[in-house]
Amino acid sequence: MSWTRRSRWTRAVFCGVSVALAVSACSSGKDDSQATGPQHTTGAISLVYAQKQGDQEYFIGEAEGAKAKAKELGIDLKVVNLGNDANKAVTEVQNAVNQKASGVIVVVPDPSVGPQVAQLAKAGGVALLTSDDQVCTNGPDPSSCAKDNLVPRVGFSGTQMGTEVGTRAGQDFKKAGWKPEETAIIDAWKQDVTVCTDRVKANQKAFKEAAGVDVKVIEVGTDNTPSDAQNKISATVSGNRSVKNWIVMGCNDENVSGGVAAIQNAGYSADNVLGVGLGAYLACKEWRGGKPTGFKAALFINGKDVGALSVQTIYDYLKNGKQMPPEAYAPTKMVDSTNWQQAGVTCG
């Protein structure tokens with residue numbers, strides 16, 4: 001690809017597509033003749049998939065799905081584990097630019113690096129897609145970002161997922177016959193991650209609708225890991241010993257797993273704990289053991305589906321000029337100890 005054509009393609013990626021990255025140059029009126037929409041590449045496609053928490057079961061599945069789809073499409077794919085290092089996300093996007101990758105799919109450990117990641121990709125002529133978490137091109141907080149400034153994303157609808165979790169928890173609360181005044185809800189999540197907040201807001205609303213009553217909600221900030229959730233929720237339980245029954249929800253399985261462990265370690269019976277997770281990759285380990293657990297259900301989100309859809313989405317854009325949607329969603333399914341295996345949950 002000549003430099004002139006590459007430059008035009010770069011401008012098209014970031015200015016010609018309404019759902020792609022919105023940057024100041026797109027509305028400046030400068031060189032608008034080049035903003036003619038996406039142009040496909042005729043050469044080989046190489047991608048970098050940079051994931052946070054790449055050793056987590058969900059993201060392992062996501063990488064597997066991405067690799068399988070890349071093999072099917074003849075794409076050269078490199079998967080990078082960012083861990084929880086936001087600076088590494090910036091470094092790996094720069095590396096992708098230096099290596100002249102066609103595109104980058106990224107799951108940022110912290111949304112605050114979004115603008116830097118987006119600018120690096122733009123300047124380097126690399127197509128950018130996010131999976132799972134949202135990224136804003138001109139600010140650190142995607143929740144306050146104009147829709148036109150959000151990078152296209154593949155994943156799940158936070159509102160839809162939270163609604164399913166809250167509905168199941170509300171239904172199970174009614175079945176248990178617990179008294180509202182003797183019950184409390186713990187909602188735990190990393191509170192600067194937009195998709196997590198979307199899930200939590202939705203689960204609280206859906207719980208109330210399904211349960212038909214108000215139940216005290218205690219919001220707990222965590223780093224989205226089981227250990228931190230367990231530590232933070234242990235302190236919460238210690239300060240609320242009058243509560244007889246606990247409901248645990250949150251951003252992911254990690255928060256619910258840590259919460260359930262904290263409450264049961266505090267002396268509560270599994271019968272007095274109602275945890276509804278999001279992911280099912282940790283919930284299934286509780287169910288597989290066959291012991292009583294407060295982890296009652298989880299929404300199964302299949303990382304393989306997200307990885308495959310992400311690769312397909314950016315491939316269609318690069319190869320065929322197909323516009324990347326603002327958001328594309330993979331399917332979900334509520335599971336419990338009776339049906340998780342039939343649903344295809346991978347329990348590592």
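Biologist: Which residues form one aromatic cluster?

Modeller: Tyr58, Phe59 and Tyr281 do. This is a predicted model, so local features need pLDDT of at least 70, side-chain atom pairs count only at pLDDT 80 or more, and totals for chains, interfaces and linings use all residues. Residues are numbered from 1 along each chain as its sequence is written, and side-chain values use heavy atoms, with hydrogens and water left out.

Biologist: Why is the pair of Trp287 and Phe295 called edge-to-face?

Modeller: Rings of Phe, Tyr and Trp (its six-membered ring) pair if their centres lie within 6.5 Å; planes under 30 degrees apart are stacked, over 60 edge-to-face, the rest tilted. Here the centres are 6.3 Å apart and the planes stand at 75°, so the pair is edge-to-face.

Biologist: What makes Lys52 and Asp133 a salt bridge?

Modeller: The term needs a side-chain nitrogen of Lys or Arg within 4 Å of a carboxyl oxygen of Asp or Glu. The N to O value for Lys52 and Asp133 is 2.5 Å, a salt bridge. Lys52 lies in strand β1 and Asp133 in the loop between β4 and β5, so the pair ties together parts 81 residues apart in sequence. Strands are DSSP runs (E, at least two residues), numbered from the N terminus.

Biologist: Why does Asp214 count as exposed?

Modeller: Buried means under 20% relative accessible area, exposed over 50%, partly exposed in between (1.4 Å probe, protein chains only). Asp214 has 54%, so Asp214 counts as exposed. Its salt-bridge partner is Lys208. At 46%, Lys208 counts as partly exposed.

Key. Helix = DSSP H or I, 4+ residues; strand = E, 2+ residues; numbered from the N terminus.
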